[in-house]
Amino acid sequence: MKAGISSPIVALAGRRPAWEAEAGTAELVRVAQAADRLGYAFMTCPDHVAVPPGLPRGERFYDPLATFSFLAGLTTRLRFLPYVLVLPFYHPLEIAKRYGTLDHLSGGRLVLGLGVGNLKEEFDLLGAPFEDRGPRADDALAALRAALSGRTVSYEGPYYAFRDMVIDPHAVQERVPLWIGGHSERALRRAVTLGDGWAPAPQSFRGPTPELMREMLDRHDLPEGFDVVFTPGERLDAVNDPGRAREVIATAEEAGATQINLTVRHESLAHYLEQLEAFAEAAGLDREA
């Protein structure tokens, strides 16, 4: 079981402790470097351009490409997961070039979390079609797979088409992992047929329970190496209750997950870093010597 972190600071969704609202670059660097040293597989960053004031999911959203490009130069092992890029906001070649460059610069540490999107106000603001976002996203996924890891690329589909276009630099991974967000059966089908993993929303955002995750996965013939991301339905306290952390890991395994997206209880940056250390110990992560 691998574990990544649901990054603090970069989004203020849910009940966040007060210190995160005041935190900035220095604190974010400390989090990323701690996760890198302790053997965490990835860190996340959401993708919203502009949102209506008072949005229940919060108003702060760091830009994932800028954030990860900065942190890539300050880490060595940690992978970077935009969770999730809203596919209909972008032409597939935009993602292939911009995030492919991040993969190139970071030495192949990109995982692309991709979703269909559901905030209509943001679609309207950006002039992106909302009603057909599902089939448009499916075509974008196929186009993106064709474009991510090659220098001269071509694709033809119902929404996107390009022929013999040069992308230089491009992703250095032969196959950049595409993890598909969304908690519905359709999202899981999209992940199985067009992606490399499924990263549903946390339970607190209508994501599946462990039992439902297991049921949904059992209805599909999963490809070899297919990743499934489980976000616990609670904030763990690995410092005071490491046993519960181990129970959650076992629950995630039983549910069919291969990756945990960790959220922890924390009242300060120091306490957050202490929690990362404790969970890494409980999970047996591969720390730096």
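Predicted model: local features only at pLDDT ≥ 70, side-chain atom pairs only at ≥ 80, totals over all residues.
**Entry 1: H10**

Next I checked the helix itself. H10 covers residues 269–283. At 1.5 Å a residue, its 15 residues should span 21 Å, and the end C-alpha atoms are 21 Å apart, so the two values agree.

Which residues of H10 are buried? I listed Leu-269, His-271, Tyr-272, Leu-273, Gln-275, Leu-276, Ala-278, Phe-279, Ala-280 and Ala-282. I then looked for what covers them. The cover includes two strands, E1 (2–5) and E11 (259–262). It also includes the helices H1 (18–22), H2 (25–38) and H9 (242–255).

**Entry 2: nonpolar cores**

I turned to the cores. The largest nonpolar core has 85 residues. Those with the most contacts inside it are Tyr-40, Met-43, Leu-112, Leu-114, Trp-198, Leu-276 and Phe-279. H10 gives the most to this core, with eight residues. I noted the general background: nonpolar side chains tend to be buried together in soluble globular proteins.

**Entry 3: H6**

I ran the length check on H6, residues 133–147. Its 15 residues should span 21 Å at 1.5 Å each; the end C-alpha atoms are 20 Å apart, which agrees.

The buried residues of H6 include five alanines and leucines that I marked at once: Ala-137, Ala-140, Leu-141, Ala-143 and Leu-144. Gly-134, Arg-136, Asp-139 and Ala-147 are buried in H6 too. What do the buried residues of H6 pack against? I found helices H4 (92–106) and H7 (185–194). I also found strands E5 (112–115), E6 (152–156), E7 (161–166) and E8 (178–181).

Ala-23 sits in the loop between H1 and H2. Is Ala-23 buried or exposed? Its relative accessibility is 8%, so Ala-23 counts as buried. Leaving out residues up to four places away in sequence, Ala-23 touches Ile-9, Arg-60 and Tyr-62. The C-alpha atoms of Ala-23 and Leu-269 are separated by 8.7 Å, although the two residues are 246 apart along the chain.

Ile-9 has a relative accessible area of 0%, so it is buried.

**Entry 4: more backbone checks**

Most residues other than glycine have a negative phi, and most peptide bonds are trans. I therefore noted the exceptions I came across.

Asp-164 has a positive phi, near 50°. Asp-164 is in strand E7. At 53% relative accessible area, Asp-164 is exposed.

Where are the cis bonds? One runs from Tyr-83 to Val-84, with omega near -5°. Val-84 is in the loop between E3 (79–82) and E4 (85–86). Another joins Asp-168 and Pro-169, with omega about 5°. Pro-169 lies in the loop between E7 and E8.

**Entry 5: second largest pocket**

Last, I looked at the second largest pocket, which holds about 330 Å³ of space. Its lining has 20 residues, and Lys-2, Gly-39, Tyr-40, Ala-41 and Arg-79 are the closest to its centre. I sorted the lining by type: eleven nonpolar, three polar and six charged.

Terms used
Residues numbered from 1 in each chain as written. Heavy atoms only, no water. 1 Å grid on protein atoms, 1.4 Å probe; cavity = no way out; pocket = protein on both sides within 12 Å on 5 of 7 lines; lining within 4 Å. Points joined across faces, edges and corners; volume = space filled by probe spheres on them. Nonpolar A, V, L, I, M, F, W, Y, C, P; charged D, E, K, R; others polar. Helix = DSSP H or I, 4+ residues; strand = E, 2+ residues; numbered from the N terminus. Expected span 1.5 Å × (residues − 1). Buried < 20%, exposed > 50% of the residue type's maximum accessible area, 1.4 Å probe, protein only. Contact = heavy atoms within 4.5 Å. Core = buried A, V, L, I, M, F, W, Y, C linked by side-chain atoms within 4.5 Å.
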